[in-house]
Number of protein chains: 2
Amino acid sequence: MGKLLVVGTVAFDTIETPFGKTDKILGGAATFIGLAAANYRVKPGIVSVVGEDFPSKYLELLKEKDIDIEGLEVVPGGRTFTWSGKYQNDLNKRDTLSTELNVLADFDPEVPAAFRGAEVVMLGNLHPEIQMQVLSQLDSRPRFTVLDTMNYWMEHTWDSLLEVIGMVDVITINDEEARQLSGEYSLVRAAAKISNMGPKYVLIKKGENGALLVHRKRIFFAPALPLEEVFDPTGAGDTFAGGFTGYLAETRNFSFENLKNAVIHGANLASFCVERFGTERLLDLRSDEIAYRLQQFRDLTQFDFEVQ
Amino acid sequence: MGKLLVVGTVAFDTIETPFGKTDKILGGAATFIGLAAANYRVKPGIVSVVGEDFPSKYLELLKEKDIDIEGLEVVPGGRTFTWSGKYQNDLNKRDTLSTELNVLADFDPEVPAAFRGAEVVMLGNLHPEIQMQVLSQLDSRPRFTVLDTMNYWMEHTWDSLLEVIGMVDVITINDEEARQLSGEYSLVRAAAKISNMGPKYVLIKKGENGALLVHRKRIFFAPALPLEEVFDPTGAGDTFAGGFTGYLAETRNFSFENLKNAVIHGANLASFCVERFGTERLLDLRSDEIAYRLQQFRDLTQFDFEVQ
């Protein structure tokens, strides 16, 4: 079974939406990526760090999903990274209420021997130097590396960010970040500029407005599935990345045509993620539900007429 | 050849975008709809009104495109409806600088005898009572009627608007208007509520974020073609409606499957409209350009994998 190496945060999230408020619940980029990828015939391995306050039931939960957590360091006496945020009424904007880095501040990632030869690597949103440290520990260049990042690193660690961007096959960022990174308003032009920084593929996430995959002059678009209700968008981008890389690690086909499929798989899993708080919906997701909704994506987007 | 009856404004537009400013140029919903529909094997006939100040070269231009203008009344001594607007930097918002109704204030539409049996009717955005007057002059219920409207009529002529909404097969409005009309934030729920007001199909336009066609539980999504540059969005929605109804009037197939195709044709023509000021790009549009871009829509949206 193909291996998918995932680096990213494992965290406590406290989330407030117009529909309710959570206590400290399981969150973090690596968590969502791992749980999403676990829906494919692939072995995800998480490289991350938590504190002694991290409940063993969460560790068990990840193991039950067949996620390898040898690379998940538990710091004795340490406290887990904690994020708290509140969504505005339309769920498209959120305010961060507090961030406590805790053990993440001194995170020194160590890739377990079993994952140093992983074919696919997903670098979740983190300090770009940590992302690079992970890449430097690998036996060889992975067949396929995907990078997620955010505006914070553009503003604070520009040089390191550019360095890691130069080392990956795909960069996935949201539309505003693509504009900020490139200085171009048009997403088509933004993608071209970002591709010149290194990545062959640029995957621009637009939330409820879908995602664009760009490779030179080729563009593929996947909509978000229109839902009656979006409950909590937390983790949707990471779930998307987990579906994208999980599908690729299973199929081991990195052609543009198959990347299109991977984008649909990512959008599909993200559509479940937003239906409940945090990881809740991913935890009880069944394969028949996934298949049914893939068919909905097909109905949503496929048409058939002759071009004359 | 199938007939497409179009009612809507024929106007002078003065447009300012970050890229430049026009003099008074040809505009109006019926103009864009007619020019877009003229790309299909169909006879569009416009019902509208202009003043004596309307240049005969514009009338000639419509006739050269094989648009029937018998229903386009020229009011002696009257002045043509005039709109002036300015787009903000990201082109997603515009401010109306001035509106002069002029001859539109007393518009008493008359459908020419040759178009009273039109199979497809496109009611462009106008006072709902004028839209109803047009429907009341027809020989029989058209096979397919499409209605465009806007928030202004929801705020000022609610009862008449509801009446005309109850008489059509498709309503096309933008996302904010769909929310306003239904009182629902979720577009899926908004479409369901609006469909209960009468229209079998609800077509929600989201500008650069594409369009949703909803029929009961079935949803089809057409993205906007990602462009390097959007120059002027004026008329894009009307061009979309013109492509949609033009394609339907040509193919005379009103199944949901063919409506999907019509939505793609509408989005395709709209992608040209925004490339230059006003109607400029529609006027020199060639059929090979249209076909090429339809292929781009296919590449943009079509994927192929087995759902297990």
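Good morning. I begin with one tyrosine: leaving aside neighbours within four places in sequence, B:Y247 is in contact with B:Y40, B:N261, B:A262 and B:H265. Two residues are in contact here if their C-beta atoms, placed from the backbone, lie within 7 Å. Please note that this is a predicted model, in which local features need pLDDT of at least 70 and side-chain atom pairs count only at pLDDT 80 or more, while totals for chains, interfaces and linings use all residues. Residues are numbered from 1 along each chain as its sequence is written, and chains are lettered from A and ligands numbered from 1 in the order in which they are written.

B:Y247 is found in helix α8 of chain B, residues 236–251. Helices (H or I, at least four residues) and strands (E, at least two) are DSSP runs, numbered from the N terminus. Is B:Y247 buried or exposed? B:Y247 counts as buried because it has 27 C-beta neighbours inside 10 Å. The rule is that a residue is buried if 20 or more other C-beta atoms lie within 10 Å of its own, exposed if 12 or fewer, and partly exposed in between, with C-beta atoms placed from the backbone. B:N258 is eleven residues from B:Y247 along the chain, and their C-alpha atoms are separated by 9.2 Å.

Let us turn to the sheet of chain B. Nine strands form an open sheet with mixed pairing, in the order β6-β5-β1-β9-β10-β11-β12-β13-β14. Its edge strands are β6 (72–75) and β14 of chain B, each of which pairs on one side only. Two strands pair if DSSP finds at least two bridges between them. In general, strands of a sheet pair through backbone hydrogen bonds, either parallel or antiparallel.

Within this sheet, consider strand β10 of chain B, residues 144–148. How many of its residues are buried? Five of the five are buried, and the strand is mostly covered. B:F144, B:V146 and B:D148 point one way from β10(B), whereas B:T145 and B:L147 point the other way. β10(B) pairs in the parallel sense with strand β9 of chain B (residues 120–123) over four bridges, and B:V121 stands opposite B:T145. With strand β11 of chain B (residues 170–174), β10(B) also pairs in the parallel sense, over three bridges; here B:D148 stands opposite B:T172.

I now come to the contact between the chains. Chain B contributes 32 residues and chain A 31 residues. On the side of chain B that touches chain A, the elements giving two or more residues are α7 (187–196), β14 (218–222), α9 (256–273) and α11 (287–301) of chain B. Which of these gives the most? That is α11(B), with six residues.

Next, the nonpolar core, defined as a set of buried Ala, Val, Leu, Ile, Met, Phe, Trp, Tyr and Cys residues joined through C-beta atoms within 7 Å. The largest has 186 residues, and those with the most contacts inside it are A:V263, A:A267, B:V263 and B:A267. Not counting residues up to four places away in sequence, A:A267 touches A:A211, A:A222, A:A224, A:L225, A:F240 and A:F297.

Finally, A:R281 lies in helix α10 of chain A, residues 280–283. A:R281 is buried because 21 other C-beta atoms lie within 10 Å. Beyond four places in sequence, A:R281 touches A:F272, A:C273, A:E275 and A:R276. A:L269 is twelve residues from A:R281 in sequence and 9.8 Å away in space, C-alpha to C-alpha. Thank you for your attention.
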